[in-house]
Amino acid sequence: MNYFQLIQSFNQQLIQNINEDISIDDLIADQYISKYHFYRIFKAIMGFSVGDYILRIRIYYAAKI
């Protein structure tokens with residue numbers, strides 16, 4: 001799996017579980033990658049941290065309702 005597919009898979013799982021209390025460990029558990037490495041890849045591709053991204057997604061869906 002390449003890194004772009006990894007980020008896309010993470011994003012899909014995040015959106016499916018947006019209303020639940022989720023942890024990044026749970027979302028990347030089936031990807032066979034360490035949390036540290038995932039954070040580095042995510043920031044390099046997306047341009048901001050995982051925490052900021054989750055906050056942005058939650059705000060977007062809260063405003064959409």
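Helices (H or I, at least four residues) and strands (E, at least two) are DSSP runs, numbered from the N terminus. By that rule the protein chain has four helices and zero strands, in the order α-α-α-α along the sequence.

This is a predicted model, in which local features need pLDDT of at least 70, side-chain atom pairs count only at pLDDT 80 or more, and totals for chains, interfaces and linings use all residues. Residues are numbered from 1 along each chain as its sequence is written, and side-chain values use heavy atoms, with hydrogens and water left out.

The C-alpha trace of the protein chain spans about 35 × 25 × 15 Å along its principal axes. Of its 65 residues, 32% count as buried (under 20% relative accessible area, with exposed over 50% and partly exposed in between; 1.4 Å probe, protein chains only).

Helix α1 covers residues 3-16, and its end C-alpha atoms are 20 Å apart, which agrees with the 20 Å that 14 residues should span at 1.5 Å a residue (1.5 Å times one less than the number of residues). The buried residues of α1 are Leu6, Ile7, Ser9, Phe10, Gln13 and Leu14. These fall within an arc of 160° seen down the axis, so they line one face of the helix (the arc is that of the directions from the helix axis to the C-beta atoms). Phe4 and Gln16, on the other side of α1, are exposed.

The cover over the buried residues of α1 includes these helices:

| Helix | Residues |
|---|---|
| α2 | 24-28 |
| α3 | 35-46 |
| α4 | 50-64 |

Conventions:
Contact = heavy atoms within 4.5 Å.
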